[in-house]
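Reader: Hello! I'd like to go through this structure with you by asking a few questions. Shall we start once it is on the screen?

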Amino acid sequence: MRPRWQIDDEVRVIRNVRDDGTFPGADMGDLLVRRGSVGVIRDVGTFLQDQIIYSVHFYDENRMVGCREEELIPVDEEWVPSRFEFREKVRSIASLKVGDEILVQAGAPGEIIKVVRDHPSGPAYHVHFDSLPGRILLIPEPMLETRMPTPN
């Protein structure tokens with residue numbers, strides 16, 4: 001198990017980092033660092049002897065956060081920002097059809113399963129719509145909007 005990055009390497013985090021209960025002064029689930037943020041490696045360690053953990057100082061947040069290798073990319077690697085991320089609740093802004101068959105009605109609620117940043121037309125998402133059980137659709141970003149929580 002060899003680390004990919006060394007101390008003083010600049011990196012970008014590709015997922016939002018939330019408190020897992022180990023960050024002092026934060027509540028579990030609090031957002032610590034937003035995806036796309038840039039930082040510098042300050043320490044390299046292990047967790048449970050099989051996971052490399054990097055202590056990264058994120059400039060804008062002035063925060064030192066532990067990140068796994070798969071959460072980081074080199075700072076100079078192309079970064080495509082996206083509006084949504086894994087597990088975010090969304091809805092379709094228009095009906096989605098294949099041929100003449102409407103698969104998803106406009107306004108149908110769904111959940112992001114995967115972010116596809118390298119899609120030729122820009123960010124797209126694998127989305128599971130509640131009205132289409134067992135199927136995942138690849139949806140371009142402009143066809144989705146944030147699903148607001150229903151009032152109680």
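This is a predicted model: local features need pLDDT of at least 70, side-chain atom pairs count only at pLDDT 80 or more; totals for chains, interfaces and linings use all residues.

Reader: Thanks! Which side chain of opposite charge is nearest to E141, and how far away is it?

Author: E141 is buried yet takes part in no salt bridge. A salt bridge needs a nitrogen and an oxygen within 4 Å. The nearest side chain of opposite charge lies 5.2 Å away, and it belongs to R83.

Reader: Which side chain does E141 meet in a polar contact?

Author: E141 sits in the loop between strand 13 (137-140) and strand 14 (144-146). Leaving aside residues up to four places away in sequence, E141 touches S82, R83, F84, P123, A124 and Y125. A polar contact of 2.3 Å joins the E141 side chain to that of Y125.

Reader: Let's step back to the whole chain. How many strands does the protein chain have?

Author: From the N terminus on, the elements run β-β-β-β-β-β-β-β-β-β-β-β-β-β. The secondary structure comes to zero helices, and the number of strands is 14.

Reader: What share of the contacts with a separation of 6 or more comes from residues 24 or more positions apart?

Author: For the setting, the C-alpha atoms fill a box of roughly 55 × 40 × 30 Å along the principal axes, and buried residues make up 32% of the 152 residues. Among contacts in the protein chain with a separation of 6 or more, the share from residues 24 or more positions apart is 48%.

Reader: How far apart are the mean positions of the positive and negative charges?

Author: The accessible surface comes to about 9600 Å², with 50% of it belonging to carbon and sulfur atoms. As for charge, the protein chain has 19 positive and 26 negative charges. Their mean positions are apart by 5 Å.

Reader: Are R35 and E85 buried or exposed?

Author: Buried means under 20% relative accessible area. R35 falls in that class, and E85 does too, so the word for both is buried.

Reader: Which residues are linked with R68 in a network of salt bridges?

Author: R68 forms a salt bridge with E70, their closest N and O atoms being 3.2 Å apart. R68 counts as partly exposed at 31% relative accessibility, and E70 is partly exposed at 44%. The network links R68 with E70 and E71.

Reader: One last topic: what is the phi of R87, which is not a glycine?

Author: R87 lies in the loop between strand 7 (72-74) and strand 8 (89-92). At 56% relative accessibility, R87 counts as exposed. Its phi is positive, at about 75 degrees.

Terms used:
Residues are numbered from 1 along each chain as its sequence is written. Side-chain values use heavy atoms; hydrogens and water are left out. Helices (H or I, at least four residues) and strands (E, at least two) are DSSP runs, numbered from the N terminus. Buried means under 20% relative accessible area, exposed over 50%, partly exposed in between (1.4 Å probe, protein chains only). Lys and Arg count as positive and Asp and Glu as negative; His and the chain ends are not counted. A polar contact is a pair of N or O atoms within 3.5 Å; within protein, one must be able to donate a hydrogen and the other to accept it, and residues adjacent in sequence count only if both atoms are side-chain atoms. Contact means heavy atoms within 4.5 Å. Accessible areas come from the Shrake-Rupley method with a 1.4 Å probe; for residues, only the protein chains shown count as cover. The place of a charge is taken as NZ of Lys, CZ of Arg, CG of Asp or CD of Glu.
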